[in-house]
Amino acid sequence: GSRIGFDLGGSDRQVAAVIEGKCVFSEEIVWDPYFQPDPQYHFEGVMDSLKRAAAHLPRVDGIGGSAAGVYVNNRVKVASLFRGVPPDLFNSRVKDLFIDLRREWNDIPFEVVNDGEVTALAASMSLNVNAVLGMAMGTSTAAGFVNRDGNITSWLNELAFSPVDQRIDGPVDEWSGDRGVGAMYFSQQ
């Protein structure tokens, strides 16, 4: 079919349009989501990338995305990309951001998962094996797992705050306030 894939990072968003498995368009756009307090900034940024990709397709059959954070049934539970959004706006506008985007695309299949899961799935597909662990070290640090049946799991895979340095004077993550966590060592931070 004709599909769109996207990845949301802390410094850029990437999108690709694919027809029958062949990439016909891809683009990377610089953006700065971390400290944007307006949820509309995020919505419009993602929508802009999706529309740019859709312009290269005869139709859009499905959309798949990845991003740092925890996503359950396309709902944002926690994600560093939205750390600048005040809690009340996060709950009213960001939590269902991808559900709102799916609605704008006439409720076509639209899935967003942690970038670690996408990494594991890509590894499984390219290696043609299952039972694969993938690790994404972009905006944050995430890991995903493809089980023996070739499926990603429903586990929480965001590893940004897992401690990796036990030093008392280890660097402090500005978002969580935790010291010596993986995101300080294995990510763009």
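# Chatting through a predicted model

Me: Starting with Asp100: is it buried, partly exposed or exposed?
Reply: Asp100 is partly exposed, because its relative accessible area is 24%. Buried would need under 20%. Keep in mind that this is a predicted model.

Me: What does the Asp100 side chain pair up with?
Reply: Arg103. Their side chains meet in a salt bridge, 2.9 Å from N to O. Both residues lie in helix H3, three residues apart, or about one turn of the helix. Arg103 is also partly exposed, because its relative accessible area is 49%.

Me: Where does H3 sit against the strands?
Reply: H3 covers residues 97-104 and lies across S1 and S7. Its direction runs at about 155° to S7.

Me: Those strands belong to a sheet, I guess. What's the strand order?
Reply: S3-S2-S1-S4-S7. That is five strands in an open sheet with mixed pairing.

Me: Which strands stand at the edges?
Reply: S3 (22-30) and S7 (110-114). Each has a single partner strand, so one side of each has no neighbour in the sheet. From one strand to the next, the twist averages 15°.

Me: Which helix packs on that sheet and touches S1, S2, S3, S4 and S7?
Reply: H1 does. Its direction makes about 30° with that of S2.

Me: Back up a bit. In what sense do S1 and S2 pair?
Reply: Antiparallel, over seven bridges. S1 is residues 2-8 and S2 is residues 12-19. One of the bridges joins Ser2 to Ile19 in S2.

Me: And what holds paired strands together in general?
Reply: Strands of a sheet pair through backbone hydrogen bonds, either parallel or antiparallel.

Me: OK, H1 itself. How many residues does it have, and how far does it reach?
Reply: H1 has 16 residues, 39-54. From first C-alpha to last it reaches 23 Å, close to the expected 22 Å.

Me: Which H1 residues are buried?
Reply: Among them are Phe43, Val46, Met47 and Leu50. Pro39, His42 and Gly45 are on that list too.

Me: What happens at the start of H1?
Reply: A side-chain oxygen of Asp38 comes to within 2.9 Å of the backbone nitrogen of Gln40.

Me: How many salt bridges are there?
Reply: The structure holds 10. In one of them, Asp48 meets Arg13 at 2.9 Å, N to O. Asp48 is in helix H1 and Arg13 in strand S2, so the pair ties together parts 35 residues apart in sequence.

Me: What about the Asp165 salt bridge? Which residue is the partner?
Reply: Arg167, at 2.8 Å from N to O. Asp165 is buried, because its relative accessible area is 12%. Arg167 counts as partly exposed at 44%. Elsewhere, salt bridges that share partners join Arg13, Glu27, Asp48 and Arg52 into one network.

Me: Switching to H4. What does its buried side pack against?
Reply: The buried residues of H4 pack against S1, S4, S7, S8 and S9. Those residues are Asp115, Gly116, Glu117, Ala120 and Ser124. At the start of H4, a side-chain oxygen of Asn114 reaches to within 2.6 Å of the backbone nitrogen of Gly116.

Me: And what comes just after H4?
Reply: Asn128, with a positive phi of about 60°. Most residues other than glycine have a negative phi. Asn128 sits in the loop between H4 (115-127) and S8 (132-137).

Me: Which other residue has a positive phi, near 70°?
Reply: Asn74. That residue is in the loop between S5 (70-72) and S6 (75-78).

Me: So which of the two Asn residues is buried and which is exposed?
Reply: Asn74 is buried, because its relative accessible area is 3%. Asn128 is exposed, because its value is 70%.

Methods. Residues are numbered from 1 along each chain as its sequence is written. This is a predicted model: local features need pLDDT of at least 70, side-chain atom pairs count only at pLDDT 80 or more; totals for chains, interfaces and linings use all residues. Side-chain values use heavy atoms; hydrogens and water are left out. Helices (H or I, at least four residues) and strands (E, at least two) are DSSP runs, numbered from the N terminus. The expected span of a helix is 1.5 Å times one less than its number of residues. Buried means under 20% relative accessible area, exposed over 50%, partly exposed in between (1.4 Å probe, protein chains only). A polar contact is a pair of N or O atoms within 3.5 Å; within protein, one must be able to donate a hydrogen and the other to accept it, and residues adjacent in sequence count only if both atoms are side-chain atoms. Two strands pair if DSSP finds at least two bridges between them. Axes are lines fitted to C-alpha atoms, for helices over the stretch in contact, and angles run from 0 to 180 degrees between N-to-C directions. Contact means heavy atoms within 4.5 Å. A salt bridge is a side-chain nitrogen of Lys or Arg within 4 Å of a carboxyl oxygen of Asp or Glu.
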